[in-house]
Amino acid sequence: MGNRRTRSDVGTPSVLSTEYSVPSSAPSPGRTRVRSHRYFTRVGLLWLLGATVAVSISLFRSINLLLLLGCFLLALLPLNLMLAGRRLRHLRASRRLPRPVFAGTPFAVQIELVSRRGPVLGLRVEDCGDAHEVAWFLPRLRKGELVRLRGEVTLPRRGRYAFAAVRVWSGYPFGLAARRAWLTATDEIIVLPRLGRVRRGLLRRRLVTSAPVAAREARPSRRDPAAQTDFHSLRAFRSGDSPRWIHWRTSARRGELMVREFEDEHTDNLIVVLDLGAEESPAVVEAAVSLAATVCWEWCRQRGDRLALAVGGPEPALIEGVTGEALAFRLLECLAVRPGVGDRAALLDRLGAEPLPRAAVLLVTTRADGFADELARRLGRPVACAEASDLAGVEFYEGPADHDA
Amino acid sequence: MTLNLAARVTGYLTLALAVACLACADATFVPALPWLLPIILVVLVVGFVAEGRGWVLPAWVANVLGIGIVVAVTGGVVVYVLGKADVPGDDRPLALLLLPYIGPFLLVLALVKLFRPKTASDLWALQGLGLLMAGLGCVLADGGPFGALLLAYLVCGAWHLALAYLRREELRTTATRPARGAVPWRALGVLHGPRSVLAAGLLAVPVFLLLPRAGDEPWTPLILAGPHGGKGAGRGNVGLTAGIDLNRTETLDPADEVAVQVEAFHDRTQTQPKTDLRPTQRWRGLTLDSYENGRWGPGRTLLANSVLIDEVMGQPQLLPPPPPQTRPLPDLGRGQYYLNLTVLPRKAGGLVLAEPAVVRGRVLPVAPALGEARVRPLFQEMMGILTPVPQPHDRTEVRYRQVVPQAADPNLSEPGPVHVRYAALISRPPAGPLGPWTRALVARLARPAGSDLRPADIEPVAMVGGWTWPRDPERVARALTTYLSSSGDYTYSFEQERSDSALDPTFDFLVNVRHGPCTRFASALALMLRSLGLPARVVLGFRGCEHLGGGHYQVLSSQAHAWVEVLVGRPGPEGTTLWHWLTLDPTPSAEEVPRPSFSLVRWWEKHGDASAALWRDYIVEYNPNTQGNVVLGALSDSFAGTEESLPNSPAAGLLVGAAVALGAVALGAGCLVWFKRRRPARARHVSRVPFYARLLDVLARRHGLRPLPAQTAREFAAEAGRILREQPATAGLAELPARLAELFYRVAYGGRPLTDDEAHAVQRELDALAAAR
């Protein structure tokens, strides 16, 4: 590829609005045997009809010139069929998809295309799925030239999403007949739920206020930064930590900022329980999922805490771990594909069966029917409740912006 | 130039060419159309500029305007057509009447769509209208200029199709932002159109030639012209035809195609070439004795008054036939001479015979040529004169012999029997004002003193059978001939025109037009004679021939001619009357149509004629006969390998040759592609170092040794040396490859070329290796 010419279509933005630098997926391997088929376009069929009428009339009335014209028009069809996409089989393509992909958030699809044989003219490249279609047109693709095509895609719904094989199409030279070929394998990605915005401080306050007064009073106050005693261990620097806590020697050795952790330090452990009702509208359900996903996403930005997510459904899921990038994706993928309507008893049983970390509990529910109290009783700890059907009452949360608008 | 601009330019150019095609084709029927063509082209230019600047009418305004214009034009056309439908004798169906007027309708539709906002479907619709115009032109025209315009339209159309496809796809994929891509070809892809047309033509023309045809007669736009034609209804070729249609209005084109080839001999054994054929020798073709609605034809009288002679060229009815090659020719007396005629009826319009073609006794003066074995009735006898049977569509060359007597008066036939019914038929006066007009003319011609025609000569005399003749019919006939040919009132020209379509075309010629080709003069004289009660008929044939030397002559299409034969009586022995056919030529001979003498112009004319003939024979007038005789006949004969049965037409040979060449090229290309796909390309071991290249060549050719893939020069040399050592003749040279390989490394990679001595030594050793077996 040393002398390969490269061309890029940089007409669309490709940067995702995320702080995570997740490597994009590996390019799809080019297929060794390219599927293709030829067909007449709609205009081509009309053309065929017109030419056939001309030939029929001219044969019937022995109008030689019209017959010659009709034969010429007919001859253009097989000629076009023969020439259309003559070298499509010698194209190789790969598709790069970024990760993560959030519903409602634009992301860039990049396709690399190269012709192994001679030039290909009038090439249309299509990347499509159930909810998207991106197309590019290349008037000419030279032999050996690598072309990078980038398009912006916004997927509206969370869940699994299939990208069909990259399709190339050419009707050159007349557009009366065309040949289509599929160059790559199909791809499947998990589209994560839409994210809104959570104000961490307000959420903490909600969690604290939801606890009974006695519990609040018993809760140790936040450590005085000045009192640097009871050193316990080292941990990574978080936003809000005092620079005085930084352990410079360890930071220099590890290449990242490390701070001292003290014995009596309070941690932001959290248990998020998502409870979806069967009778709720899809919009409310999606709002609840987005709310839960946004809380998880926000909580995972601060590393080192324990976070658990319990999701209802026929087989309730409970995922628990230490906050960080990996846990964030586990939780969001679970929220993207798992949430379903299920019985609360199963969810409570599941929660009761697992040892849960010492953490505040946030119930995200679609209905206000006292399930929070039942959950609090079952877990033996206070539960803060956020109702997706009344997001105005959830002061720490702003719903996702509508990118489509 | 951007793709958008290129697509628009070619689109409008294609549309303009379609309009030009239509104007060229429809000019015969809507004479105003060619005059409107510049205006239409200007409108197209305005439309192009307006589209480029975004000046378009709102859709509803354009629609209302368009509907209004279309309704107005439709109304005008309907009124005009209905007016034309009242022409007497015009019995064409209304659909045929309307056909030429669809052209202006299409034009208006296209112009209306120009100023609308255009989507992709509008652009297709616009070009579809252009295609309809071209298609309509194919129905309305058959001339060469239209063919050239059609070709230009197709070339431009193919170019535009490709550009429009690219532009359309560009718009489809970049709908959200303006697309301003460039044309992805050099020189805007100008060659794309011709290449596409050539490729499509290679597919289309064989299909066109091989498609089975239903009707015998190809379509002619003159069907649409009606019985009286239109002004300037195209161009015709000078040549013999199956009849005369005086309703046609056209300009004759004096094509110089060879119609008849003649070899003349004094003796029966064909050893003494005759080189003194008269320059005005007449070659008799068809005899036209029926006149109706401005058309002369062989008519219904032939079978009633003549005997179709099968045994002339075919099998005798009773006697055992002699072989056709040895059929004897009669002895026609002193001064007779022999002709070998080679005629292509398609070009000559039928068979011809040298005048006088007399029949004496049972032995006919015509026989098949030596070696010719065709058996067909080709001639018929009419009252002692042998005439060819009309067969203008015969595409096969016919060769035959004729013996011609020495005639005392070449314009007077030998006396023969007269069939009264036939004489009555061909002396029936035409209806209309021609009779009184002729009688007044004859009276006027007989009036001046010193005239050859005396008043007594024109006095009517009652004849047997109830009709009347002038007292001296021969003198009257000669006077009328002289009047037409020499009075100066009439002139010869290639223009066949009409002045008053309500009149009979012959009378219109005599009274109004007063100029035209020989057919007009012959028709006029024959009808004038008939109006006086004289039996007269028109003969089509050729006058003159060109001597090529050695008794070889050729008769050209441009020498086609028409003259008149009138039946005259001469006193015979014992008070009887002998009836002769008197040949009269009323065509003015004073005017010679000037022919360009410049050689380049003649060359151009000659090749233009050849192209026109090709266009006419294989496109416009291509019919089942041509298909059967030329295409299928040529192919079958080629496969049968019978050289003598191959059609002698050079076009047939050309066609077969082209088909074979095309097939061979296709086969070769297919094999090449197959071979390349099946096997990887063999590495060619050709060195840049000459002496090493020669070593490889010698080893390969003489000893069958070739380097293996990935084998180094040194390895190959060692292997070659081993093999050379095993053979006694080359054992002494076994070290040569290794030594040359070392020299090769030195020269190729060490940068040290051979000295002269080394080069000579290497050369000698290589020569020795090449000579060793």
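# Close-up views

**View 1. Ser196(B) is located in helix H8 of chain B, which spans residues 192-210.** Helices (H or I, at least four residues) and strands (E, at least two) are DSSP runs, numbered from the N terminus. This is a predicted model, in which local features need pLDDT of at least 70 and side-chain atom pairs count only at pLDDT 80 or more, while totals for chains, interfaces and linings use all residues; side-chain values use heavy atoms, with hydrogens and water left out. Residues are numbered from 1 along each chain as its sequence is written, and chains are lettered from A and ligands numbered from 1 in the order in which they are written. With a relative accessibility of 7%, Ser196(B) counts as buried. Buried means under 20% relative accessible area, exposed means over 50%, and partly exposed is in between (1.4 Å probe, protein chains only). A polar atom of the Ser196(B) side chain lies 2.8 Å from the backbone oxygen of His192(B). With neighbours within four places in sequence left aside, Ser196(B) is in contact with Leu79(A), Phe174(A) and Ala158(B). Contact is defined as heavy atoms within 4.5 Å.

**View 2. Chain A and chain B together bury about 3,600 Å².** Of this area, 73% is on carbon and sulfur atoms. In chain A, the residues that lose the most area to chain B are Asn64(A), Leu65(A) and Phe72(A), together 19% of what that side buries. Buried area is the accessible area (1.4 Å probe) that two parts lose on being put together, summed over both. The contact takes 39 residues from chain A and 49 residues from chain B. For the complex, the predictor gives an ipTM of 0.71 and a pTM of 0.58.

**View 3. One salt bridge is found by the rule across the interface of chain A and chain B.** A salt bridge is a side-chain nitrogen of Lys or Arg within 4 Å of a carboxyl oxygen of Asp or Glu. The partners are Arg124(A) and Glu169(B), with an N to O distance of 3.8 Å. On the side of chain A that touches chain B, at least two residues each come from helix H1 (42-61), helix H2 (64-83), strand S6 (120-128), strand S7 (133-141) and strand S10 (167-170) of chain A. H2(A) gives the largest share of that side, 13 residues. A polar contact is a pair of N or O atoms within 3.5 Å; within protein, one must be able to donate a hydrogen and the other to accept it, and residues adjacent in sequence count only if both atoms are side-chain atoms.

**View 4. Arg124(A), Glu126(A), Arg167(A) and Glu169(B) are joined in a network of salt bridges.** Within chain A, Glu126(A) pairs with Arg167(A), with the closest N and O atoms 2.4 Å apart. This pair links distant parts of the chain, from strand S6 to strand S10 of chain A, 41 residues apart. Glu126(A) and Arg167(A) are both buried.

**View 5. Arg95(A) and Asp187(A) form a salt bridge, their closest N and O atoms being 3.0 Å apart.** Arg95(A) is in strand S3 (residues 91-96) and Asp187(A) in strand S12 (residues 187-192) of chain A, 92 residues apart. Arg95(A) and Asp187(A) are both buried. Over all chains, the structure holds 44 salt bridges.

**View 6. In chain B, a salt bridge joins Arg284(B) to Glu565(B), with 2.5 Å between the closest N and O atoms.** Strand S5 (residues 282-288) of chain B holds Arg284(B), and strand S23 (residues 560-571) of chain B holds Glu565(B); the two are 281 residues apart. Both Arg284(B) and Glu565(B) are buried.

**View 7. No disulfides are found over all chains.** A disulfide is a pair of cysteine sulfur atoms within 2.5 Å. The cysteine sulfur closest to that of Cys296(A) belongs to Cys300(A), at 6.5 Å, too far for a bond. Cys296(A) is buried, at 0% relative accessibility. Cys24(B) is in no disulfide either, and the nearest cysteine sulfur, that of Cys21(B), is 7.3 Å away. Cys24(B) is partly exposed, at 32% relative accessibility.

View 8. pLDDT is the predictor's confidence in each residue, from 0 to 100. Chain B has a mean pLDDT of 77, and 76% of its residues reach 70 or more. Where pLDDT is low, the predicted coordinates should not be read in detail.
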